[in-house]
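The following questions and answers concern one structure. Please examine the sequence and the model before reading on.

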Amino acid sequence: MKLLKTLLVAGTVFAAGLAHAEKITIAAAADLKFAMDEIVAGFRKGNPSDEIEVIYGSSGKFQTQLQQGAPYDLFFSADIGYPRELAKAGLASSDVKPYAFGRIVLWSQSVDASKLTLESLSDAKFARVAIANPKHAPYGKRAEEALRASKLWGKIEPKLVYGENIAHTAQFVQTGNAQVGIIALALALNPALADKGGYYLIPDNLHEPLEQGFIITKRAEGNALAKRFAAYMGDKATRAVMTRYGFVLPGETVGK
Amino acid sequence: MFLTDADLQAIWLTVKLAGIVTLILFVVGTPVAWWLAHTRSKWKGPIGAVVALPLVLPPSVLGFYLLLAMGPHGPVGQFTAWLGVHPLPFTFWGLVLASVFYSFPFMVQPVQNAFEAIGDRPLEVAATLRASPLDTFFSVALPLALPGFLTAGILTFAHTVGEFGVVLMIGGNIPGVTRVASVQIYDHVEALEYMDAHRLAGVMLVFSFIVLLALYAWRPSPKKGA
């Protein structure tokens, strides 16, 4: 009898524990890979009992998945246009919040890219140039715009290979299979890639701004953790991480 | 036109890739199948397992290894550099090589089963009639194993058409070179072009059904008795 009682008490305590532990799943654009990992780690320190899962991919893919009811509680898009569309369709439970402006850079594993310019891409030693797929990856769209604005598109297009998202594009360059690529500054600044030589910051007057935005999805309407995490994005520590990864924050001017 | 030019290009590329891979595997896979069917070597188990690996391995494993192996620092990459030819990733022939690995068991296993079903007796009879081993193979074994070859050819072709993960990882998604139908559909979906995705996906669905129908309905019935 005593055993049964103990079990009952233990079970109740366990169930209560389950009810209190909160959980969110975040869908984040691939350019956030390293920055978001740090931000989530920082958040966990202050909230060790909360469960946060982050999935990285191309913004276009997440858009499709969310329209089909994907179980994501927050959506960080590399193009603010996507969450705006979702909000219009009634799939958001928050305003669309701009969180950063992204920048694109030339990056290479084999040569010091800081000595390159976009014109160098027509050099014969760059047989393959990797960009993200302009059809659905925001960083790819901006890369195409920059090449077109520099009147280089016609010359470079035959050398282009297309990554599925911006991290996939960086991986093409990192493995040396493409000699050079146009990737997110945020990825070029992460320690794993940064020690492999410099990068060339592509002037942002050559492309439309990479304004990035996030929403809390409809599904997470009553999820307090989702709201706390959204608020944490405005925290000083979070902003410092974002700045360190080369993102320009809303309300700030381009520093570089 | 029902399909866009880009879609037609992707379909043609897919058919070309699957056709070439099937032809190559007929040549490369048959001796391996023959050896596996007749050997008593202790290596039969390990080699058979290696042949079957792509059935089990996730395409991402194959794609990852191939990308590194064919890249400038990998063994295949160094070999192509030594030959003075273009590195294989992001090329059509890179896809061909990857698909040969990826579809290998679909060629070898049905052919091996067909060879094993023939047994030793017809071959021994041919030998007593002084047929050379090569003659025996082409005049006796090959005709008897024909249904197995047909199955193997259709399965290899169909499986190569269905490839996606490996192509995405080593292809670089270049129109007319590495952008096959499965990748084109993926791009349509990600770009929210559902109508385009529907058209091409529908074509793939009908195609796959017809291939399998052909395989099940018209497969020559096995020869009865000897």
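Q: Which elements does chain B run through from the N terminus on?
A: This is a predicted model, in which local features need pLDDT of at least 70 and side-chain atom pairs count only at pLDDT 80 or more, while totals for chains, interfaces and linings use all residues. Residues are numbered from 1 along each chain as its sequence is written, and chains are lettered from A in the order in which they are written. Helices (H or I, at least four residues) and strands (E, at least two) are DSSP runs numbered from the N terminus. Chain B has 11 helices and 0 strands, and its order is α-α-α-α-α-α-α-α-α-α-α.

Q: What percentage of the residues of chain B count as buried?
A: A residue is buried if 20 or more other C-beta atoms, placed from the backbone, lie within 10 Å of its own. Among the 226 residues of chain B, the share is 34%.

Q: Why do the buried residues of α4(A) line one face of the helix?
A: In helix α4 (residues 81-88) of chain A, the buried residues are Tyr82(A), Pro83(A) and Leu86(A). The arc is taken from the directions from the helix axis to the C-beta atoms. Down the axis of α4(A), the buried residues line one face because they fall within an arc of 90°.

Q: Which element gives the most to the side of chain A that touches chain B?
A: Two residues are in contact if their C-beta atoms, placed from the backbone, lie within 7 Å. By this rule, 16 residues of chain A are in contact with 17 residues of chain B. With 4 residues on that side of chain A, the element that gives the most is α3(A).

Definitions and conventions: Buried ≥ 20, exposed ≤ 12 C-beta atoms within 10 Å, placed from the backbone.
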